[in-house]
Amino acid sequence: MMKAWLFIQTISFESLSFYIVFNHEMTSAEWVSFAASHAIACASFAALSWLLLPRKFKFPLISSLSFLFLFNFLLPLVGMIGTACSLLIALYLPRKQSQITWQECEEHPLPQNPGEVLGNQYGAGALREILIHSNDPDRRSLAVNAVCHLPRQQSVPLLQLALKDLSDDVRLLAYAALEGIESQINELISLFKKQYENTAQPTKAFEIAQQYWELCYLGIAEGVLKKHYLEQAEHYLKISIEKEQRASNNLLLGRVLLEQQRPDQAIIYLTAALHGGLRVKQVAPYLAEAAYRTGDYQRVKQYIDYFPDQKGERLSQIKEYWS
């Protein structure tokens, strides 16, 4: 009943306002009469439109009604037609949305030559999905072979995942690949140690420490063995630092100490790396971690300000959480 009354009132007063314009000589009094009649028509139509709006568009009340009134008042007749069309077409006849939320894609076979992995759609994420969800042991075996040609940082977690596979062939392939990576690193350690014994250069001590750190960082070493490797990395890094102060040495030693749950000492070397010429962005993540472990949350926020802003990166997500 209210909507019908408002509609009739809108038509009546808007018709009267146009009658005044087109059938009378416009004097000041006629213009006032036109404005008053048009304003009443706009107020009625604004109230009618507000009643027809979906609930989420009705509030805030004053802003919603003000917009409807001014839009219709400043555009005589045209504003009302536009508002009516938008209400009827945009709100009550919306575009149909597809109920299909997925699209079937062609299943591509894994390449026979694992070296082709880097040049096609099979990245680390796709290979992980195959290892977890594929029911075909042969396909999972091919995935393990392909994983071996990824960078070590990506391949080792996937190979460790394959060690839990139900298929003996898949587990053996993964174990052999991990054993090969560990053997390569241990061979480099032996080689660098022999070179260090001959020359005792600080760069060689640093290279030995880097390889020990690689074993821990990749997750190959665990438990007591990991503790031993970290101690060896710390030992050779301190030898290198005693002979030559370099920012990269201090940075790596700070990371080793963090891994050993010694944040107070890590801060000393990380700060030295920062003062040694490294950019703040390179050291800030580790200084923030050390400050967090010591409970200095104010300093954590200071270092987090240097984290990147690129969407999707883990550091940017941490920055967004702390901001």
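These legends go with close-up views of a predicted model.

View 1. We start with the overall picture: the chain holds 16 helices and 0 strands. Of its 323 residues, 35% are buried. Take the contacts between residues at least 6 apart in sequence, and 52% of them join residues at least 24 apart.

**View 2. Inside the largest nonpolar core.** Here we're looking at a set of 60 residues, where Leu127, Leu159 and Leu270 have the most contacts inside the core. Helix α9, running over residues 168-199, is the top contributor to this core, with 9 residues. As background, nonpolar side chains tend to be buried together in soluble globular proteins.

**View 3. The largest pocket and what lines it.** About 610 Å³ of space sits in this pocket. Its lining has 20 residues, and the ones nearest the centre are Pro285, Tyr286, Glu289, Arg314 and Leu315. By type, the lining splits into 14 nonpolar, 1 polar and 5 charged residues.

**View 4. Helices around the largest pocket.** Which helix gives the most to the lining of the largest pocket? That's α14, with 5 residues. The helices that each supply at least two lining residues are α10 (202-217), α12 (247-259), α14 (280-294), α15 (297-304) and α16 (314-322).

Methods
Residues numbered from 1 in each chain as written. Predicted model: local features only at pLDDT ≥ 70, side-chain atom pairs only at ≥ 80, totals over all residues. Heavy atoms only, no water. Helix = DSSP H or I, 4+ residues; strand = E, 2+ residues; numbered from the N terminus. Buried < 20%, exposed > 50% of the residue type's maximum accessible area, 1.4 Å probe, protein only. Contact = heavy atoms within 4.5 Å. 1 Å grid on protein atoms, 1.4 Å probe; cavity = no way out; pocket = protein on both sides within 12 Å on 5 of 7 lines; lining within 4 Å. Points joined across faces, edges and corners; volume = space filled by probe spheres on them. Nonpolar A, V, L, I, M, F, W, Y, C, P; charged D, E, K, R; others polar. Core = buried A, V, L, I, M, F, W, Y, C linked by side-chain atoms within 4.5 Å.
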